[in-house]
Amino acid sequence: MLTKLLDWLSSMRLTVWCLCAAMILVFVGTLAQVEHGLYRAQKEYFQSFIVFSSLTVHFFGKKFILPVILPGGYLIGGILVLNLLFSQFRAGNIVPRKIGLYLVHGGLILLLLGQLITDMFQRETHMRLVEGHASNYSESAFYHELAIIDSSHPEHDTVIAIPEQLLATRSHVSHPALPFTLHIRKYFPNSRLANREPNDTSEPPATQGFGTTLAVREVPLATRSDEKNLPSAIIEFSGEGAPKGTWLVSTLMNQPQTFTHAGKEWKLLFRPVRVYKPFSIELIKFTHEKYPGTEIPKNFASRVRVINHQTGENREVLIYMNNPLRYGGQTFYQGSYDPNDPRVSILQVVRNPGWLTPYIACLLVGLGLTLHFMLTLFNFTRAQRNGGAQ
């Protein structure tokens, strides 16, 4: 039984099946990006073990919703890794003359494992910088948090960040640092805000804060890669001395809302998840060049100053396209700009623990192919020489 299992794991047939499954997965996953958007399609199809989804197909003017059940990217990649391992490194099958092939397969395995590490541990955020100002945090483009801030201390703030997922899935949230309980009355995964009309007689979405003068509307989830969801929620507090009424919180609000509890001032802000860093980056000068007579970007460049009080570091760095700053285990790329403010530069901040694996894998594959070619040529030449001598 074990021998049959090992034979199956090391067979070329399994390799072909995995490659065919990968092709189907890429094809269906690409179609799903149109309906579900790039981010959701990546999560459902390529960063999962089993795909349970649906696909809308239009055929002769009619709409059909097809269920999709497929092996996910992690499952196919995992089986391929086992297949490569057992096909080359199975006990009794290891011989010195195949060292080149072993290196090639080792490189391929490292490439697959590196992609898994990247999928699971890579964190991508953005840092918005204004000329003359410094920042010590970057923000997520996909995840949000409700920050409840105790700003009563004169030297620092105490921030309790509630992930958006809790607002979406729970009816109430409590925290040891909060003197009240938060109740979620309504959650909007994607929303738009508008000012209430003077003759609008409907009930406002909230009875306190900015929500008394606004209207909130739920919209479909974003599917295009250049769009993102902007969630909102209506919340209420309970507990001794808790503020009365309901509050509208939204990622579309740039300013925090304030209230007082037990003599302390608190702030509410629904914002992108922040990743704080032990150093600061100050934007000295942002350069945005365009081709004459067009809006086509020619060159982006940010001259920044890295300030690290722990190490005493204070130096200038020029970041431009294809010339990122690598610092503190993170890479800062010149990402974008604000079309409405020429003083603003947006850096893409990537933390990827597996960023070296593709380079090492390519070296292993290249070395393995060279060794295999040289050994094959050597054996062929020796055989020819021995044949000629006989």
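Predicted model: local features only at pLDDT ≥ 70, side-chain atom pairs only at ≥ 80, totals over all residues.

Visitor: Which residues of helix 2 are buried?

Guide: An α-helix has 3.6 residues a turn, so residues three or four places apart point the same way. In helix 2 the buried residues are L14, T15, C18, L25, V28, G29, A32 and H36. They pack against helix 1, helix 3, strand 1, strand 2 and helix 4. Just after helix 2, G37 has a positive phi of about 90°.

Visitor: What lines the second largest pocket?

Guide: Rolling a probe the size of a water molecule over the atoms shows where empty space is left. The second largest pocket holds about 400 Å³ of space. Its lining has 18 residues, with G73, Y74, I76, G77 and L112 nearest the centre. Helix 4 gives the most, 7 residues. By class, the lining has 13 nonpolar, 4 polar and 1 charged residues.

Visitor: Which residues have the most contacts inside the largest nonpolar core?

Guide: In soluble globular proteins, nonpolar side chains tend to be buried together. The largest nonpolar core has 21 residues, and L146, I148, L182, I235, F237 and L268 have the most contacts inside it. A second, separate core has 16 residues, including I281, F286, V304 and I319.

Visitor: What is L146 in contact with, beyond its neighbours within four places in sequence?

Guide: Its contacts include I160, L182, I235, V249 and L268.

Terms used:
Residues numbered from 1 in each chain as written. Heavy atoms only, no water. Core = buried A, V, L, I, M, F, W, Y, C linked by side-chain atoms within 4.5 Å. Buried < 20%, exposed > 50% of the residue type's maximum accessible area, 1.4 Å probe, protein only. Contact = heavy atoms within 4.5 Å. Helix = DSSP H or I, 4+ residues; strand = E, 2+ residues; numbered from the N terminus. 1 Å grid on protein atoms, 1.4 Å probe; cavity = no way out; pocket = protein on both sides within 12 Å on 5 of 7 lines; lining within 4 Å. Points joined across faces, edges and corners; volume = space filled by probe spheres on them. Nonpolar A, V, L, I, M, F, W, Y, C, P; charged D, E, K, R; others polar.
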